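Please read these notes with the model open beside you. They are meant for a first reading.

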Amino acid sequence: MKNPLKVFSLQTTFFVSFMILSGVLIALLGVTGYYITNQEVVDKTISSRILLLDEINKQLDLQLQTIEYDSLVVASNPQVKQYLQQPEDSFERVGQYNMIIDMLSRHSYVKEAVHSVQLYVKNSLSSRYRGANGVFTYDFLQNSPYYERIQHADYVWLGTHSLEVGDYIGSPENVISFVRKVLSSSGEEVGILVFNIKLSYMYDLISGGKAEGGRYILDTNRRLIVESNRSNADPLAYEAIEQPLRNTLKQDDQATNHAIVSWEEKQLVIWNKQQRTQWISVDIIPWDYITEGSKRIQTIIMIAAVLCVIFAVAMAYVLSRQFVKPIRKLVKSMNSFKTGQLATQVENEYENEIGYLNQNFNEMTKNIKELIVQLNEQNKSKREAELQVLQEQMNPHFLYNTLDIMNWHAIDAGASDISRMLSLLGKMLRIGLSGGGTFIPLALEMEHLKCYVELQRIRYQQQIRFEIDMDERLLVYWLPKLTLQPLVENAIIHGFHSRRSGYIRISGHENKHTLCLCVEDNGHGMNTEELPSSREHHGLRNIKERFRLYFGPSGGLRVESAPDLGTKIMLSLPKLMQEPSEFKQLEEEKPND
């Protein structure tokens, strides 16, 4: 059987091929477009909800801080403490009843969020209150299911619960409470202060911008503080999802803030943690609600696909009759250009649109060739500029003179430590500047580092122990200057920022083609996943960027660290017996100061 391509005309072959290709591309674009759109909707939902939860957390934390501060003011009030420490039947205490109740009631009158304020008095047998505000005995708290939590903390937030105030007659209300112990000047517990927050206020606070789904506020132990459920569907009871939600939120330790789960139905769970209280705001959104818009897009894509097929049939028929030959020549020229033959030109004998395409293709190949040359020159200039910025140094003359004056002044004043530190600093500057050089021998780098280590020993009075284990055979190799000192400085500043003692070890060894250097400490450690976005470790990023510019893939920086387990930073770079010629040439071309 003969090849169909050799039997049928080129027009028929082109038409059928074009239709098959168009059909595949339209189907692929339709399916891909639907899934990309669906994913984009999910991503937009996640990002917008995270921003919303973050804003809600800020507003919520502001209110929490206000309540906590108000309670602290009341609990620290000398009149309240004096009242609580007086005998129950004393004249002074009886005379202060109304004053104390007025003080407590004032917060519920002035603050929109406060429902009532209650003061529970130790060793008291009677209660006096006005509405829900007043002074009560400990019996009410001791019978509360929350009493155990109150006993073991100086202050605590209690989630949604019913308000019970003796024989106070009022509509049943649920509140959220902040409980703070009142301590005497000797530290003895003399009472407990309770601020009750209106649940309706909390609903308004956390329900902003919520179109669908449930929202839950959880404390640090994942206990429910308040919830606000969707209105267009049956709410998800927190008791039913508490355990699976706890398991899902364990991912919070893995730098993620959302998850797709299947409980009673497929749900998208998004959460955001407050920085101060470590409370977590959680949104649970039905998956069908999220993908509702994607389904409409799917219908539109199908209609568009049908129209594209019809259009493709018409275009295939026209193109197969008119443009087969010139397009084939043009495609052949394009393929030649794509393989790297930048001098490719198509023979142009047409004066219509085909001729216009051929002419523009010829001009395009010429322009691209010129642009590639320009781009290479620009990249070279950019690389030189980046290296120059990284190596830019201050004019050393006035620094040396100033340090020398300060050194002699310190000697005259008998400040030997300061004199020693200024001398070390001057030596560090001379080595660091190195006449404008980019690379220095490891011997000079180690001398620079030892000066810095000596400075730190003087500063911390030998409380930070340094160990240098460097084979003398390695000292002849060249490396970018100011490589090790920033790593030791980073270890001191971030590893021991709240400690006054520690251990830092600097070591090195060589492989066949590689020089390996290591700086390790027993400090606080860090989360290496957050390192690239951390503004506190710019020294590490600077060294990494310099190694990328100097050595490309042959140099690298690797960090091994974990919280409370110390940090180990390993550098690898080619073994150089002298400064690379390309950087030496750049230094020679720099203008002298």
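The points below cover a central strand, the cores, some salt bridges and a surface patch.

1. Basis. This is a predicted model, in which local features need pLDDT of at least 70 and side-chain atom pairs count only at pLDDT 80 or more, while totals for chains, interfaces and linings use all residues. Residues are numbered from 1 along each chain as its sequence is written, and side-chain values use heavy atoms, with hydrogens and water left out.

2. Strand S11. Strands, like helices, are DSSP runs numbered from the N terminus (helices H or I, at least four residues; strands E, at least two). Seven of the seven residues of S11 (residues 280–286) are buried, so the strand is largely enclosed by the rest of the structure. Buried means under 20% relative accessible area, exposed over 50%, and partly exposed in between (1.4 Å probe, protein chains only). In a regular strand, side chains alternate between the two faces of the sheet. In S11, Ile 280, Val 282, Ile 284 and Pro 286 are buried on one side, and Ser 281, Asp 283 and Ile 285 on the other.

3. Neighbours of S11. Two strands pair if DSSP finds at least two bridges between them. Strand S7 (residues 214–218) pairs with S11 in the antiparallel sense over five bridges, and Arg 215 stands opposite Asp 283. Strand S10 (residues 266–273) is also antiparallel to S11, joined by seven bridges. S10 and S11 form a hairpin with six residues between them, and Gln 278 in the turn has a positive phi of about 65 degrees.

4. Cores. A nonpolar core is a set of buried Ala, Val, Leu, Ile, Met, Phe, Trp, Tyr and Cys residues joined through side-chain atoms within 4.5 Å. The largest has 41 residues, and Leu 484, Val 488 and Ile 504 have the most contacts inside it. Helix H16 (residues 442–460) gives the largest share of this core, nine residues. A second, separate core has 37 residues, including Leu 119 and Phe 195.

5. Salt bridges. The structure holds 19 salt bridges (a side-chain nitrogen of Lys or Arg within 4 Å of a carboxyl oxygen of Asp or Glu). Arg 505 meets Asp 469 at 2.8 Å, N to O. Arg 505 lies in strand S15 (residues 502–510) and Asp 469 in strand S13 (residues 464–470), so the pair ties together parts 36 residues apart in sequence. Arg 505 also meets Glu 520, at 3.5 Å. Glu 467, Asp 469, Arg 505 and Glu 520 are linked in a network of salt bridges.
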